[in-house]
Amino acid sequence: MGKVEPLISVIIPVYNVVRYLDECIESVCDQTHKMLEIILVDDGSTDGSSELCDKWKEKDDRILVIHKENGGLSTARNMGLDIASGEYIGFVDSDDTIEPRMYECLLQALEQSTAELVVCAYKAVDEKGNPYRQIYEDVPDCTLSIQKYLEMMNQNVRIHCEFIGVWNKLYRRSMLEGIRFRDGVIHEDDFFLNSLLPRIKNINILHTKFYNYRQRGGSIMHEKFSEKRLVYFYALQERVKICEDMSFEGECLRAVACECINSGVRFWVLLSLKRIVDAEKISKYYQDVLMVKRKYFHYGTLKQKVFWSLFDYMPGVMKTMYRCYKAIKK
């Protein structure tokens, strides 16, 4: 008898993506690794996606369909995790597609290494599936410690995107026991990563672009800047604390702390300019960023320290600028 292939549970949250859903599900069903449990979690779709999920269930007996009231991406993924029975777990967003050998290659890489998870490169495509111009350098196949990865991901935009998203990875099921997505926030993948950090020692990286990440104007991550985006700073603040608890030092902690401060300052400036949040909330956020800046100021480069030092005076500057603007407008 030949080797029994392990079961991979692929969780696909679905919400009003009827235009892309066929292409997505077909790309998963056509994987060269056939031992799949494909879990479609319909999150209260109203555009025909629900019916399309049921049609696919009739076509392929590997497909399970869950219909639920709309609760958001995190609740849909969590419901999929609750019923997944595979030895390995993967996620695919319902407006994206994957290459035929993705799970075969991810599984092979994971089984041949001591890493807790494997990550592949992705290709950004437009709404029609056409690839964008390549602007990032490829990362060669390798295995990195979690400390080295965190250091690199805050210095390399491509690595950052590839590691934060849950959709271009294969996880050992045992690694996700008791871990769930945080409900009610955007940047839920960042918090999910934070939960996993204490369980990760090594990460296997494949440079091949197996995942096709669709960039579309109506998606959550392409909405205009709003108060909801402030949660990214708090996700990074939480990550810094976790790194300290895990005794990560040197370049790793420096990279995470600097990214936290930079994002906090950047978002505060955007909030102040747009004035889309009341003064009390802006003030509270300013104090939170200021506290982190003061604690980790010594990690910054000379250029960063100069910029961060100006942050102490920004509230007064912003108030003066706004008064001048109102006076001119009158």
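I started with the surface: the protein chain exposes about 16300 Å² of accessible area, 54% of it on carbon and sulfur atoms (Shrake-Rupley method, 1.4 Å probe). I note that this is a predicted model, with pLDDT of at least 70 needed for local features and 80 or more for side-chain atom pairs, while totals for chains, interfaces and linings use all residues. Residues are numbered from 1 along each chain as its sequence is written, and side-chain values use heavy atoms, without hydrogens and water.

Next, the fold. I find twelve helices and nine strands in the protein chain (DSSP runs, H or I of at least four residues and E of at least two, numbered from the N terminus). Of the 330 residues, 52% are buried (under 20% relative accessible area, 1.4 Å probe, protein chains only).

Then the cores. I looked up the largest nonpolar core and got 61 residues (buried Ala, Val, Leu, Ile, Met, Phe, Trp, Tyr and Cys joined through side-chain atoms within 4.5 Å). Leu150, Phe163, Tyr171 and Ile203 have the most contacts inside it. Helix α9 (residues 250-274) gives the largest share, eleven residues. Another core lies apart, with 36 residues, including Trp56 and Met102.

Last, a helix pair. The axes of α7 (residues 188-196) and α8 (residues 231-245) come within 9 Å and cross at roughly 10° (lines fitted to C-alpha atoms over the stretch in contact, angles from 0 to 180 degrees between N-to-C directions). The two are therefore roughly parallel (under 35 degrees).

Technical notes
Angles under 35 degrees count as roughly parallel, over 145 as roughly antiparallel, 65 to 115 as roughly perpendicular and the rest as oblique. Buried means under 20% relative accessible area, exposed over 50%, partly exposed in between (1.4 Å probe, protein chains only).
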